Amino acid sequence: MAELKEELKGKIIEVLNLEDIAVADIADSDPLFGEGLGLDSIDALELIVLMDKEYGIKLSDPKQGKSIFQSIDTMAAYIAENRTK
Amino acid sequence: MAVAGVAITGIGIISSIGKTIEESQHALLSGTHGISRIKNVETKQKERIWVGEIKYSNTELADLLHLPAGHNYTRTAMLGCYAAKAAVDALGGCDMGAYKTGLISSTSVGGMDYTERYFYDYLENPALYPYITTHDAGDSSHKIADYLGIQGLVTTISTACSSAANAIMMGARLIKSGRLDRVVVGGTDALSKFTINGFKTLMILTDELCQPFDQNRKGLNLGEAAAYLVLESEDVVQREHRKPLAYLTGYGNANDAFHQTASSEDGEGAFLAMRKALTVADLAPSDIDYVNAHGTATPNNDLSEGRALQRIFSANMPLFSSTKAFTGHTLAAAAAIEAVFCVLALQKQIIFPNLNFKTQMEELDFSPQTEVCQASLTNVLSNSFGFGGNCSSLIFSKA
Amino acid sequence: MKKSRYINGIGAVTAQGIWRTDFFTESQPLQQAVNAAQQPSYRELISPAMARRMSRGIKMGIYAAQQALDEAQIDIPDAIITGTGLGCSEDSEKFLRNILDNDEEFLTPTAFIQSTHNTVAAQIALRLGCKGYNFTYVNRSVSFESALLDASMQLQDAEATDILVGGVDEVSDHTFRLLQLVGHIKPSDVHETIHDSNSPGANYAESATFFTLSQQKTAYSYCEVQDINLQNKLSQGDLAAFTKEFLERNGLHAGDIDALVLGYNGDKEFDGWYDIFECIFPSIPSIYYKHLIGQCDTSSAFAVATAAKLIREQIIPAIIQRNQVTLDRPLRNVLLYNQFRGEDHSLVLLRSC
């Protein structure tokens with residue numbers, strides 16, 4: 001799990017082009033949206049594609065993202081449970 | 001009474017519900033939508049989406065326009081030429097050089113339909129080079145101007161899905177200021193893989209028929225279309241003994257300044273645009289008899305627009321409908337085809353229905369008109385909103 | 001009562017760097033076919049959270065816009081009107097490549113969102129919280145002039161008091177390679193300046209040039225925008241009549257013009273238009289600028305910046321003067337003419353204030 005979380009942080013930084021942020025700057029429980037990393041609705045759409053591309057998880061409704069993308073913890077847990085690749 | 005306004009003396013349209021005014025009107029009155037599976041664009045999404053596609057191939061369009069072999073007209077340009085020519089022909093034998101005549105066109109995809117086809121092939125195949133210079137948004141306007149024989153002020157506006165409303169607005173201002181005597185205004189957009197996939201990434205395309213202003217709406221259907229209006233000065237109207245079809249009396253553009261693609265929850269930009277249009281027309285909200293809403297059927301747009309309508313009209317919401325369920329969302333052309341629908345509504349004193357509506361939105365106190373109905377229409381308002389917070393409203397008044 | 005239109009602020013990001021006092025003394029003629037703009041630091045202006053999604057064109061536009069607003073001391077203008085020939089070309093290309101290369105799979109929205117032609121105007125509005133009128137014109141080499149015409153009409157008719165107007169175009173790899181294939185841009189192995197050009201095509205460069213136009217004259221006003229005219233098609237034989245009519249409607253004759261700013265871009269096939277244009281006027285200073293900032297659909301916006309600076313300073317730097325005629329009178333009326341490949345002609349008349 002720890003490995004998945006580190007990998008996830010790296011990928012998020014890469015796809016969202018978070019130039020000023022390093023893997024070490026993101027705590028597992030930090031909120032990704034609003035306060036915290038400060039991601040927005042466009043980022044949520046980017047993360048939906050990341051889930052599909054990297055882990056074979058298809059989310060058809062953007063609203064589903066709300067609970068899944070709360071933090072690295074919630075995201076990693078969802079991926080571990082649902083990944084197809 | 002509204003201010004005098006600018007006379008609309010010609011209209012032309014091509015969309016998935018018809019290639020003439022008569023066909024379009026017939027479809028609107030009989031509730032026949034133009035939404036189908038896509039045929040002319042090769043895309044992986046074809047089984048997942050419904051579109052308002054014009055069922056003419058590019059070859060057929062070129063034939064309709066009598067273009068010579070070896071032409072480099074993109075689909076966007078051909079649709080534009082077709083509708084603009086129809087608008088000008090409606091005047092009946094018109095010498096484009098007789099008055100200071102201009103063209104204000106609009107498009108969002110421009111020549112992307114050919115760019116996406118030949119993007120890499122261009123590097124290998126010099127025979128394709130003539131299409132390289134059709135990529136930019138101005139190309140279709142040049143083609144339309146040439147096709148109509150317009151030499152003068154020709155320009156193009158691109159503000160995403162409000163584009164044509166802004167072209168109509170600028171045209172009206174050029175007439176009012178006396179810079180032009182006559183101006184052809186409108187917009188054209190062809191379906192392309194680029195826009196289909198773009199809207200798909202935003203997850204606002206539905207896999208069903210779109211349901212504007214419905215509680216359970218799931219997103220929009222894309223479409224393609226072109227429509228143009230001829231605006232003429234009062235002087236030309238008198239000299240040429242024209243019978244205006246309607247008048248453009250109000251217009252307003254404002255920016256939501258909220259988000260690059262989404263509309264604000266309270267519809268601030270839409271509210272400001274409608275308020276400006278009312279001010280220009282010197283009308284009160286109670287003078288508006290019908291609203292042709294932007295109503296794309298995305299969860300975000302219809303809520304934001306609905307709230308803005310509620311703010312403008314309070315308890316006295318006029319009859320309203322979105323005609324997007326007939327044509328799909330035709331992007332830069334949307335405001336132009338809906339302007340044509342508004343002119344027809346005023347001429348026929350008829351309101352066109354909002355198809356596919358079942359359940360009222362829980363956030364709103366009103367529902368759209370779902371059946372064709374006769375109504376006494378003096379002033380109608382049309383909304384168009386685009387990415388980048390671009391919000392435009394036009395008011396058309398009975399001639 | 002028609003209101004006046006003053007240029008009260010200018011900003012630019014060009015191949016010669018940003019707009020500044022010593023802009024011309026530090027400039028060098030371009031010799032490359034395709035030139036990037038010298039980018040300033042955007043850190044103070046654009047937060048990293050916003051900047052991460054922005055292509056150069058958007059950043060350049062925001063920077064130039066802010067410079068123009070700052071100089072005019074305007075926080076939020078009443079309207080934002082931009083022109084761009086190719087829009088956000090880099091993001092359009094990026095999204096299209098993703099579609100083609102990945103066979104329509106795993107596409108993400110950011111490049112698509114940013115590819116819209118009105119992105120620069122929208123991002124400026126978003127950043128400033130400007131809810132006013134927001135238009136973008138996209139008609140090749142009159143894209144900026146269309147925006148200027150719109151702004152000018154609004155100020156004249158008192159629909160607005162302060163308007164931000166500008167032009168921006170960015171370089172993108174593939175699109176510019178295609179423009180080389182059709183000869184709009186010189187081949188990469190040709191290294192000519194406009195002065196010594198012997199071949200078709202132009203040296204291209206990206207640029208953003210913005211202005212604050214206001215009804216009110218201030219202590220910093222550069223000049224007044226007197227009139228603008230656009231014409232899609234024109235024959236070389238009609239150029240003189242077209243120009244004369246424009247001057248007449250402004251109560252002027254050819255002899256009243258004190259200097260010309262011309263869009264010479266080194267394309268041997270089309271620069272002849274400017275030679276013909278010069279002949280309409282008696283011997284007056286003729287100025288060019290695209291040898292420094294390059295050709296793009298909106299580079300003619302820089303002609304307005306150049307003329308405004310000349311009028312305010314009443315000096316013509318040698319590097320931008322094309323002929324040898326000495327300026328022997330005050331620069332009062334300056335006429336700008338631009339066309340591209342014999343189409344999309346524009347005239348802009350600026351007057352000292």
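Between which helices of chain B does the loop with H135(B) lie? This loop lies between helix 4 (112-118) and helix 5 (138-148) of chain B. The model is predicted, with local features needing pLDDT of at least 70, side-chain atom pairs counting only at pLDDT 80 or more, and totals for chains, interfaces and linings using all residues. Residues are numbered from 1 along each chain as its sequence is written, chains are lettered from A in the order in which they are written, and side-chain values use heavy atoms, without hydrogens and water.

**View 1. Surroundings of H135(B).** H135(B) counts as buried because its relative accessibility is 19% (buried: under 20% relative accessible area, 1.4 Å probe, protein chains only). Beyond the neighbours within four places in sequence, H135(B) is in contact (heavy atoms within 4.5 Å) with G110(B), G111(B), M112(B) and T115(B), and with L86(C) of chain C.

**View 2. Fold of chain C.** Chain C has 11 helices and 13 strands (DSSP runs: H or I of at least four residues for helices, E of at least two for strands). Of its contacts between residues at least 6 apart in sequence, 78% join residues at least 24 apart. Its C-alpha atoms fill a box of roughly 65 × 45 × 35 Å along the principal axes.

**View 3. Interior and surface of chain C.** Of the 353 residues of chain C, 67% count as buried. Chain C exposes about 11,700 Å², of which carbon and sulfur atoms supply 47% (Shrake-Rupley method, 1.4 Å probe).

Terms used:
Buried < 20%, exposed > 50% of the residue type's maximum accessible area, 1.4 Å probe, protein only.
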